[in-house]
Amino acid sequence: MTNQISLYNNNYILGISFISALGGYLFGFDFAVISGALPFLKTAFELNAWWEGFLTGSLALGCIVGCLLAGQLADRFGRRPGLMLSALIFAISSIGMAMASNLTIFVLMRFMAGIGVGMASMLSPMYIAEISPASMRGRNVAINQLTIVVGILVTNLLNYFLSGNGPDVWRWMFGLGAIPSLLFLIGLIWLPESPRWLLQAGQPEKAKIILGKIGSEAFVKDTFADIEKSFSGTQKKSYAVVFEKSVRPAVMLGIGLAVFQQLCGINVVFNYTSTIFESAGADLDRQLFETVVIGAVNLIFTVVAMWQVDKLGRKPLMLIGSLGLSIIYVLLAYLLQSGAAAGLISIIVLIAIALYASSLAPVTWVLISEIFPNRIRGLASSVAIVSLWIGYFIIAFTFPILAEKLGTYGPFYLYSAICFLGFVFVLKKVKETKGQTLEQVEEYMASH
């Protein structure tokens, strides 16, 4: 493996992977900022349970639109222009949320932010997968998840330190999102286009130049030949091609993984930390402190996943995470129901975060980025990730309503059952892809 890796320009590959993965930071920012801002938004906009869920989930509705746009843009104009547009949309919407004068404008701006997040959530991991050699693809795609959790942690820290600055502090919380989005936009100026897209678009010489920056002459020759072979046959660009019989198994697997990653329920913990710990008797300072600790644990165990995804493999990590969450949710629900101390509930929540961060969170993105054929990767990825955001909207919208009807603990029994079903799904349907080129994965998926 060492000799193989020495054939690649590791610094160059890591550099462009990190630039692309800054899209994940924007995802992490907007995902986390709502947790710290929600206590202030409830007061500012007099939110009931329905509006609390809709305001939180409106990001996901925008993400759905963003994914559908990104799939078309990525296959028509390239991965890089789509990423640049996502950064610009995010910068504008961050300022728009900060300046919102009423609930309608705020929700519209959060929906707009979702468009940018949705585009980046699809394009960043797809781009990284397409420029990464097989032996390091899992780790590199997981960089996108790393930037997501760094975004979550940094945002939680900012929320915590800003929280004592009056009832309008939520405007600063959202407005600060313009800074990383503009930095991301500047970084994209130096990003090369995906060589797989260039070859698909009839620009083979440019594709060879970029492949030459990534690896040796032998790597360029072998990879170029494999990509050309994978593009043979139909070149249709409508969504109908995504559901053709030859690619349907891969697409259905991607949709299943994406929906499971959200319906597993962990994002309730991220988005509604304050609600969960308020029900356990914690004051606002303790609630916001818990978001910081959750962000730190999330970061640590994402690094663990990056270390293991190309060693232990994708499937074992997914199995451990899904079964572990199923068990831990039952315990969490019982503790919330019985009125246990906030400290004990915090420990169980952190175990759940550790399980998710080291398995379902990064590995789902890795699998989605690698199981689709080259010729439809943009469209197929958008279908899978649209499904993911639909799952997120369902979770984010329904939790306040379910918690009001059943108690804060009630939904976690449901999430436990979903995680067990997810464990069975992964056990039966997911095949290991570590160490295989994208073209080898494509050939394998087509034969099954």
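Pockets, cavities and helix packing

The largest pocket holds about 300 Å³ of space. The model is a predicted one, in which local features need pLDDT of at least 70 and side-chain atom pairs count only at pLDDT 80 or more, while totals for chains, interfaces and linings use all residues. Residues are numbered from 1 along each chain as its sequence is written, and side-chain values use heavy atoms, with hydrogens and water left out.

A pocket here is an open set of points on a 1 Å grid over the protein atoms alone, with protein on both sides within 12 Å along at least five of seven lines; a cavity is a set of points where a 1.4 Å probe fits but cannot get out, and lining residues have an atom within 4 Å of a point. Points are joined across faces, edges and corners, and a volume is the space filled by probe spheres set on them.

The lining of the largest pocket is made of 21 residues, and Tyr8, Ala134, Phe219, Thr223 and Thr437 lie nearest its centre. H5, H10 (204–214), H11 (217–230) and H21 (438–447) each supply at least two lining residues; helices are DSSP runs (H or I, at least four residues), numbered from the N terminus. H11 gives the most, with 5 residues. By class, this lining has 10 nonpolar, 5 polar and 6 charged residues. In this scheme Ala, Val, Leu, Ile, Met, Phe, Trp, Tyr, Cys and Pro are nonpolar, Asp, Glu, Lys and Arg are charged, and the others, Gly among them, are polar.

The largest cavity has a volume of about 110 Å³. Of the 14 residues that line the largest cavity, Phe27, Gln145, Ile148, Asn267 and Tyr356 lie nearest its centre. H2 (10–45), H6 (137–162), H12 (248–263), H13 (266–271) and H18 (360–370) each supply at least two residues of this lining, and the largest share, 4 residues, comes from H6. The lining of the largest cavity has 9 nonpolar, 5 polar and no charged residues.

The second largest cavity has a volume of about 40 Å³. Its lining consists of Met122, Pro125, Met126, Trp365, Ile368, Ser369, Ser381 and Ile385, with at least two residues each from H5 (103–131), H18 and H19 (377–406). Here the classes are 6 nonpolar, 2 polar and no charged residues.

Two packed helices are described by the angle between their axes and the distance between the axes. Axes are lines fitted to C-alpha atoms, for helices over the stretch in contact, and angles run from 0 to 180 degrees between N-to-C directions.

The axes of H2 and H8 (residues 178–187) come within 9 Å and cross at roughly 165°. H2 is therefore roughly antiparallel to H8, a term for angles over 145 degrees, as roughly parallel is for those under 35. In H2, Ile19, Ser20, Leu22, Gly23, Tyr25 and Leu26 meet Pro180, Ser181, Phe184 and Gly187 in H8, where contact means heavy atoms within 4.5 Å. By class, this contact has 6 nonpolar, 4 polar and no charged residues.

H15 (residues 284–308) and H17 (residues 342–357) pack at about 30°, with their axes 8 Å apart. These two helices are therefore roughly parallel to each other. Their contact has 11 nonpolar, 4 polar and 2 charged residues.

Terms used
Angles under 35 degrees count as roughly parallel, over 145 as roughly antiparallel, 65 to 115 as roughly perpendicular and the rest as oblique.
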